[in-house]
Amino acid sequence: MTNGQCRDWNEEFAQLWEAKMKESKGSDEISQRELIEKRLLIGKIASEFTVTATRLGRTIVSEMHLEEKTILPLVVGGKAGGLKYFSHGIFFKFALDEHSL
């Protein structure tokens, strides 16, 4: 990933998952070591996503009532309301009770 590009978490995960599934079906051709390496890579992506999403989510919540934010809300449509954010390839929706439900 280079400067200015965001990570496509879904694409990374899907590519590894698909490769793992294809190779596991032809189990004679893939070694146990290769299968373990693929599983570790899938786990690594999942872990990195969790760490990144948690850090960004905490930032969004902690800055909710501040005027200056490090992650700015997006101006996008929608019927359900709430604030939307996109950072580091992750889309967040912060629900608000705008209708006093």
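Helices (H or I, at least four residues) and strands (E, at least two) were taken as DSSP runs, numbered from the N terminus. The model is predicted, with local features requiring pLDDT of at least 70, side-chain atom pairs counted only at pLDDT 80 or more, and totals for chains, interfaces and linings using all residues. Residues are numbered from 1 along each chain as its sequence is written, and side-chain values use heavy atoms, with hydrogens and water left out.

The protein chain contains 2 helices and 2 strands. Their order from the N terminus is α-α-β-β. Of the 101 residues, 22% are buried (under 20% relative accessible area; exposed, over 50%; partly exposed, in between; 1.4 Å probe, protein chains only). The chain exposes about 8,000 Å², with 56% supplied by carbon and sulfur atoms (Shrake-Rupley method, 1.4 Å probe).

The largest nonpolar core has 12 residues, among them Trp-9, Leu-56, Ile-60, Ile-71 and Phe-92. Such a core is a set of buried Ala, Val, Leu, Ile, Met, Phe, Trp, Tyr and Cys residues joined through side-chain atoms within 4.5 Å. Two or more residues each come from α1 (9–25), α2 (32–62) and β2 (90–94). The largest share, 5 residues, belongs to α2. Beyond four places in sequence, Leu-56 touches Ile-71, Ser-87, His-88, Ile-90 and Phe-92 (contact: heavy atoms within 4.5 Å).

Thr-70 lies in the loop between α2 and β1 (83–87). Thr-70 counts as exposed because its relative accessibility is 61%. Neighbours within four places aside, Thr-70 contacts Thr-59 and Glu-63. Its C-alpha is 8.2 Å from that of Ile-60, 10 residues away in sequence.
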